[in-house]
Structures are given as C-alpha cells and as structure tokens.
Amino acid sequence: MQTLLLATRNAHKTREFSAILGDEFAVRDLRSEPTLPLVEETGRTFVENAMLKAVAASQCFPGLVVADDSGLEVDLLGGAPGVFSARYAGERAGDQENTKKLLREIARCGSSIGLPTARFRCALVLAREEEVLGTFAGVAEGVIVSAPRGDTGFGYDPVFMPAGATKTFAEMSAAEKNQISHRAQAIRALRAALLA
C-alpha cells in the first residue's frame, strides 16, 4: 500500500481522493501534520498553485505528496472566479458566501441565452523531496443553475450542473459525482501513473 500526503486540510477533498484512489493507497492530509505551514496561493494558474503547495509540503514530509488546486470558470464572467474560487467573496468567506457572490455577479451581467456555461478545472501535482514528479488535470464542462440545488458536495457544487446531466453535483451521490468530476478525472490519471 502506498501512502500519500494530500496537501490540504479540506476533509471533503480527502474523502474524494480516498474513494477514487482505492484500497491500494493510504491517504493522509495536513490535518495529520499540524506543524506544516499553510502556503499562500500566489500562482496565476491552478497548476502553479498546486505546485506551490506540493513542493512546500514535500520539504517537510519524506514521502509522496499530492496537491490539488481547482476552481470554477464561468464564461459570462470572463473565467471568474478561476484561481480565486475558494476566496471569491473574501479571504474568510465560506462556500455559501462565494456561491451567493457568484450568482449576484451572473445576475448583474444578465444573459438572455440560457444558463451560463462554465467548467470546473482541477490540477494535481505529485512531488517528493521538493521535486515535481508529475502533473495531472481534469475538466468538467457544464452550466450554472439559477439557484442552489442539493445538499451533498461542497464549494460551488449546488449551482454547477455538468453537461448532459439533469442534476447539480450537489444533487448527485458521491459515486455519481466521482464518475465525471474534474477532480475524479485528475485523480484517475494520478492513480494510473502511480500504479504503472
């Protein structure tokens, strides 16, 4: 069994990684390493932010480290919130505040051509001892619905409906979401590389 340190304190992400990676992997996160410092996400892209987090954690942890950076891009908003997805409504804002701001900004722009198109992007970086061993990506295309729906998932899941679906990510079971999500795509690519 391979042990991976996931460079996050987000329990939702850790559960997704564990479920998708499967029994061949023991996944820990930064909640088990409280002395590791938080890394400021100063990158201009998801890959840059994931790299900052992975390399920083790998300086203090002797094994494999995986960092993820992901977010939502809304075409009507010129790709916003993008790399600022987690702090769209401010540094201390939570999921609900970020989602409310997103819906306000979309309403302010106004659109007469149906639901605004959007995508979730995920970038993963695998590192060990400050060396980047690989990068992996996933994209889920979809639309933003006009009001939150569902109570599973996290982040913008209640307002994101993937292409070809009739439910938002937050209306899907974890198993359904893990078949198609941006993060699931990237994690499966990571898993394949680690097992190769």
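Two strands count as paired if DSSP finds at least two bridges between them. Strands themselves are DSSP runs of E with at least two residues, and helices are runs of H or I with at least four; both are numbered from the N terminus. The structure is a predicted model, in which local features need pLDDT of at least 70 and side-chain atom pairs count only at pLDDT 80 or more, while totals for chains, interfaces and linings use all residues. Residues are numbered from 1 along each chain as its sequence is written, and side-chain values use heavy atoms, with hydrogens and water left out.

Strand β1 (residues 2-6) runs parallel to β3, and three bridges join the two. Leu 4 has Leu 64 as its bridge partner in β3. Strand β4 (residues 117-128) also pairs with β3, but in the antiparallel sense, over ten bridges. Here Val 66 is partnered by Leu 126 of β4. Strands of a sheet pair through backbone hydrogen bonds, either parallel or antiparallel.

These strands belong to an open sheet of six, in the order β2-β1-β3-β4-β5-β6, with mixed pairing. Its edge strands, β2 (25-29) and β6 (160-162), each pair on one side only. From one strand to the next, the twist averages 35°. Angles run from 0 to 180 degrees between N-to-C directions, and axes are lines fitted to C-alpha atoms, for helices over the stretch in contact.

Strand β3 (residues 64-74) is mostly covered, with eleven of its eleven residues buried. Buried means under 20% relative accessible area, exposed over 50%, and partly exposed in between (1.4 Å probe, protein chains only). In a regular strand the side chains alternate between the two faces of the sheet. Both faces of β3 are covered. One side holds buried residues including Leu 64, Val 66 and Asp 68; the other holds, among them, Val 65, Ala 67 and Asp 69.

Helix α2 (residues 46-58) lies across β1, β3, β4 and β5 (131-144), at about 155° to β3. Helix α5 (residues 182-195) has 14 residues. From first C-alpha to last, α5 reaches 20 Å, close to the 20 Å expected at 1.5 Å a residue. The expected span is 1.5 Å times one less than the number of residues. Among the buried residues of α5 are Ala 186, Ile 187, Leu 190 and Leu 194.

Two further residues show local packing. Thr 99 sits in helix α3 (residues 95-109). Thr 99 is buried, at 7% relative accessible area. Its contacts (heavy atoms within 4.5 Å) are Pro 148, Gly 155, Tyr 156 and Val 159, not counting residues up to four places away in sequence. Ser 85 lies in the loop between β3 and α3. Ser 85 is buried as well, with a relative accessible area of 5%.
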